[in-house]
Amino acid sequence: MSALSLSCRVCATEHPLEAVGTCRKCFGPLDPVYDWDRLRATVTRERLAAGPPSIWRYADLLPVEAPEEARLAPGFTPLVPAPLLAEEVGVRELWLKLDTANPTHSFKDRVVAVAARKAQALGFETLSCSSTGNLAGAVAARAAAEGMEAAVFVPADLEPEKLAAAAAYGPTLYAVDGHYDHCSRLTVELSFELPWGFVNVNLRSYYAEGSKTLAYEIAEQLDWRPPDVVAAPIASGALFHKVGQGFRDFRTLGLVDGPSPRLIGGQAEGCQPVATAFRDRTTVTPVRPSSIARSLAIGNPADGDFAVTTARETGGAIHAVPEDDIGENMALLARTTGVFGETAAGVTLGALRAAVDVGRDDRVVLLVTGDGLKTLGPVAFTFAPVHISADADAFLDAVEAAA
């Protein structure tokens, strides 16, 4: 393992590699510190290509040891071309990164796999989290695969599809009266009282690193030449920030050719604190979420300001997408690519369509971070079957009359 310590992203105070969620000095977020000299000498394209087809091919760049037996290993998900959607959006080349192919059908499997490894190393027997749905399923599934207990905290009014998907793995499911930020505050308090591994609280420094593997995979799958643009959803801001960091890591190691991509972020208008901060050139101000994009509805995003910085540093942008456009974008993605993404994908595609700084000659990757089967409501308008009788002659006559 190449991680040496944890360092505060704000004040640079060093911390040991323990279950500590924020800086003890200033409460800033913590990032693992790596031995980059050793990594430059050992991490090569050939070494990575010879690794397993999962996130564990990048174990040298993660703050945990790779498992000897990788159960339910996430990552190395398909990167597929989307020429019809590219034409619709107005770009030369568009690719979809399908994290719906992960074990519980979202990118959360990546971050949970890393956090769970650290939890095991620290002796935790219970995995826990606060969640808007996808993370609950990923934590419950990972605990089941590893023989651990799971306790997940979700808003009581979450989509029933997501609740059922998480419950199937056998966790203790706590339905909290309130929205996600209430769940988050509760788990922060409980992390000081219970001997549990809260993946997005006391294990957050390790958990967040799993998102870097999306950037690593995209670069490798595009023959070590990063795309011009990556479009991603923004909830807490951690995914967006860490994807940018992942591309920087590969540049630091000399593994990629060409500049890092511009990052385009999307939030729904009903919960847009990061998009507002980017637009107004201010720091992120918490809001009360009211959006159909529940997986992104975090009113007080922990990494929101860092997401804004990532967008600016990469020459990208962050856009707010109208609530009424989310379902339309989900349907557009489905009918032009055959990929059914959840509301977050509708927001991400909406942000890409709003990004006037994306040019026709750009090569673009759009992250599809969750499965649409978990959020059916916004595309209910597409369900309009044509009722017919079981009579072939009548059917053919009707088809001919309509021609």
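**View 1. Tyr58, Tyr216, Trp224 and Phe250 form one aromatic cluster.** The model shown here is predicted, so local features are described only where pLDDT is at least 70 and side-chain atom pairs only at pLDDT 80 or more, while totals for chains, interfaces and linings use all residues. Residues are numbered from 1 along each chain as its sequence is written, and side-chain values use heavy atoms, with hydrogens and water left out. Seven aromatic pairs are found in a search of the whole structure, where rings of Phe, Tyr and Trp (its six-membered ring) pair if their centres lie within 6.5 Å, and planes under 30 degrees apart count as stacked, over 60 as edge-to-face and the rest as tilted. The ring centres of tryptophan 224 and phenylalanine 250 are 6.0 Å apart and their planes stand at 35°, so this pair is tilted. Because tryptophan 224 lies in the loop between helix H9 (212-221) and strand S10 (229-233), and phenylalanine 250 in helix H10 (residues 238-252), the pair ties together parts that are 26 residues apart in sequence; helices (H or I, at least four residues) and strands (E, at least two) are DSSP runs, numbered from the N terminus. Tryptophan 224 counts as buried at 11% relative accessibility, and phenylalanine 250 is buried with a relative accessible area of 0%, where buried means under 20%, exposed over 50% and partly exposed in between (1.4 Å probe, protein chains only).

**View 2. An open sheet of four strands runs in the order S8-S7-S6-S9, with parallel pairing.** Strand S8 (172-176) and strand S9 (197-198) stand at the edges with a single partner strand each, so one side of each has no neighbour in the sheet. Strand S6 (residues 126-130) pairs with S9 in the parallel sense over two bridges, pairing being assigned if DSSP finds at least two bridges between two strands. Leucine 127 stands opposite glycine 197 in S9. Helix H5 (residues 134-146) packs on the sheet and touches S6 and strand S7 (149-155), contact meaning heavy atoms within 4.5 Å. The direction of H5 makes about 175° with that of S6, for axes fitted to C-alpha atoms, for helices over the stretch in contact, with angles from 0 to 180 degrees between N-to-C directions.

**View 3. Lys162, Leu163 and Ala166 are buried in helix H6 (residues 160-167).** Seen down the axis of H6, the buried residues fall within an arc of 100°, so they line one face of the helix; the arc is that of the directions from the helix axis to the C-beta atoms. Among the elements that cover these buried residues are H5, S7 and S8.
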